[in-house]
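I opened the notebook to go through this model one part at a time. Entries follow in the order of looking.

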Amino acid sequence: MADVAAPAPAAGYDPYATSGAFARARSRVGVYLLLGLFAAYYLLPLLVVILNSFRDLPEIAANGLIAWPRSFNPKGWYEAWDTYCVGGTCAGVKGNFYNSLRMTIPATLISTAIGALNGYILSKWRFPGSAFFFGAMTLGVFMPGQIALLPWAYILGAIGLTNSTYGLILVHTVQGISFTTLFCRNYYVNIPDDLIKAARIDGAGFWRIFRKIILPLSPPILIVTVIWQFTGIWNEFLYGVVFTSGREQPITSALVALSTNGTNVRQYDVMSAAVLIGALPPLLIYFFGGRYFVRGLTQGAIK
Amino acid sequence: MSSLSIRNLFKRFGAVEVLKGIDLEAHTGEFVALVGPSGCGKSTLLAMIAGLETVTAGDIYIADRLVNRVPPKDRDIAMVFQSYALYPTMTVKDNITFGMESRRVPKAEQAAALARVAGLLQIEPLLKRKPAQLSGGQRQRVAMGRALVRDPALFLFDEPLSNLDAKLRVEMRTEIKKLHARVGKTTIYVTHDQVEAMTLASRIAVMHKGEVQQFAEPRTVYDRPANMFVASFMGSPAMNFIPADLSSNGAPSVTFPGGDGAPVTLPLASAALASANGGKVVFGIRPEHITRYRPERGAGRPGIATVSALVEIVEPTGAETMGQVRLGGREIVARFEPDDAPQVGETVQLAIDMNKACLFDPATERLLPRAA
């Protein structure tokens, strides 16, 4: 073993206090490069779909699906919205889009309201066995939706709500209660019990405490719950496909029907536009509400 | 007439018995402090008086009405919480009027009550603020305002000062005392701070392990503690305890081994009833009743006994100097004037005020009554 004397460190040199401006810049560039690469990788499909929705169909056929556009034509959007034939009717996906809205908005609001109430009861008005109820309810969080398909088919048939948006509202409301209850209960647990005691001595009852004390403290968790439910219900398509058909279908199910439309040519421009129409509401919700979503999940009830 | 009367009250949480037969009475206008270490059941007792906890057995009367099954809002009480429990989304004004709003009190009446309380507590400039915009002391005031606005039969305080810093705590303590003097409402005040209990209360209930150890005026609780727990809990530094032998032939006296091993005999100011334990007693004396012997001051006063002891530790606090001396095989705390404080290692002649001595039964730890 060669005995190499280590070079004597220069005075004031601390090997652990390295990284000059150059090294820092280099590592910074590396990080940006890597992250940029990942971002591009994830965003590329979206870009392709957006570009294709504005291209001429013949040009897509000539140049391929993934190519830089050499034409611009918003015709795909008009057709997708208004005239394209899905499942035998030629009125575009606008009907299905409205179906989705008519299904998602009430189901979101009702399941959130029930979740808030459940959470309030399970955190502030505990009763013998409430822990068991909570456990049973949150079991639904881990239950795959397919398990409930047959029971729901039976129930919807029995109450005459098959092939109806109201049926889907019912299904999504009930299926969502596990999540909304879990969210709200875990948030309300952090609200001090003394507030409830003080209000009870002040003469407020169950509903007045809920309305005047709990609800005003709830916006952060309600925003989280609404975003979660809205995107979840909007994007869900299994129940839509199974329990509705044709004009009654929500847009996610209609998109499936649209892609399996057995005609001659694949209408890539129209399909791209239709997919974007279907994806727009959750995107917008995340775009405007994402900030509150993160804040609501990380914030405690009271500081 | 009494505002509060509690008879043989029990509380059980599952197998745990938290309260074991509490008897307590508060006369109208009285200030009763419930004091004890944490886990003694004082907060549970208060919650039961408020109706926030159910009664396992026994009776609670408020203003001579049995309230065991009456909901909190109908008990004619107001409560101040340790955490203040101010409604965070409401302004100070809304916090104070929330109760009246719940009871549908007419608006004009609400405004008058609000003005009265805001004036009393000097919180008028804060009425539009939210609790988060208030300091600790201000929150405390608002919490009291919310209670005061009700004009109830009974005020309940649950450790209201323990979230404040030391200086503010003393200020608010004085203020609560003034307030009680002015409003004159019956008050039940839970605290773990024996100084708070001593300064505020007209009677103190010392609680330990779910039982009331002693319920008496502060002076009595301090001078004649019912047992060794009360004696050591009330007062800081705590009372000194020395195992001793009681002799009643001739002048009554107690004997215990001194610092050098030789027996020390101190004459008692008054005879104690013979202990059941063959003359064994625990001799209890508070630090302020042991100090340096000065012939010019001590001579001639009856009941002053002298003993010499070695000083081991000296702790000056400013107003007084506490010294630890070795006596009866124990560390005994004595109080000295700061200018007259001994040095460590010094052997001092101590004067013990035997008028203030307490004798306890070593087996039951109860105070032995004085012979008449």
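Entry 1, terms and model. I take two strands as paired if DSSP finds at least two bridges between them. Helices (H or I, at least four residues) and strands (E, at least two) are DSSP runs, numbered from the N terminus. The model is predicted: local features need pLDDT of at least 70, side-chain atom pairs count only at pLDDT 80 or more, and totals for chains, interfaces and linings use all residues. Residues are numbered from 1 along each chain as its sequence is written, and chains are lettered from A and ligands numbered from 1 in the order in which they are written.

Entry 2, β14 of chain B. I looked up its partners. Strand β14 (residues 280-285) of chain B is joined to β20(B) by three bridges, and the two run antiparallel. I noted B:G284 opposite B:C358 of β20(B). B:F283 stands opposite B:L359, also in β20(B). Strand β11 (residues 240-247) of chain B is linked to β14(B) by six bridges, again antiparallel. There, B:D245 faces B:K280 of β14(B).

Is β14(B) enclosed or open? I count a residue as buried if 20 or more other C-beta atoms lie within 10 Å of its own, exposed if 12 or fewer, and partly exposed in between, with C-beta atoms placed from the backbone. Five of the six residues of β14(B) are buried, so the strand is largely enclosed by the rest of the structure.

I traced the order as β13-β12-β11-β14-β20 in chain B. It is an open sheet of five strands with antiparallel pairing. The edges are β13 (263-267) and β20 (358-360) of chain B; each has a single partner strand, so one side of each lacks a neighbour in the sheet. The twist from one strand to the next averages 40 degrees. For angles, axes are lines fitted to C-alpha atoms, for helices over the stretch in contact, and values run from 0 to 180 degrees between N-to-C directions.

Five strands of chain B line up as β15-β19-β16-β17-β18, with antiparallel pairing. β15 (290-292) and β18 (330-336) of chain B are the edge strands, each pairing on one side only. Neighbouring strands here are turned by 50 degrees against each other on average, direction ignored. I then checked one pair inside this sheet. Six bridges connect β16 (residues 304-316) and β17 (residues 321-327) of chain B, which run antiparallel. B:V314 has B:G323 of β17(B) as its bridge partner.

Strands β1 (residues 2-13) and β2 (residues 16-27) of chain B run antiparallel and share nine bridges. B:F13 stands opposite B:V16 of β2(B). What lies between β1(B) and β2(B)? They form a hairpin with two residues between them, and B:G14 in the turn has a positive phi of about 65 degrees. β1(B) also has five bridges to strand β4 (residues 57-62) of chain B, antiparallel. In that pairing B:R7 faces B:D59.

B:E217 is exposed, with 12 other C-beta atoms within 10 Å. I also looked at B:I204: it is 13 residues from B:E217 in sequence and 6.0 Å away in space, C-alpha to C-alpha.

I found 15 residues of chain A in contact with 17 residues of chain B. On the chain A side, α8 (193-201) and α9 (206-214) are the elements giving two or more residues. The largest share, six residues, comes from α8(A).

α4 (residues 94-124) and α7 (residues 165-188) of chain A pack at about 35 degrees, with their axes 6 Å apart.

Note on methods. Contact = placed C-beta atoms within 7 Å.
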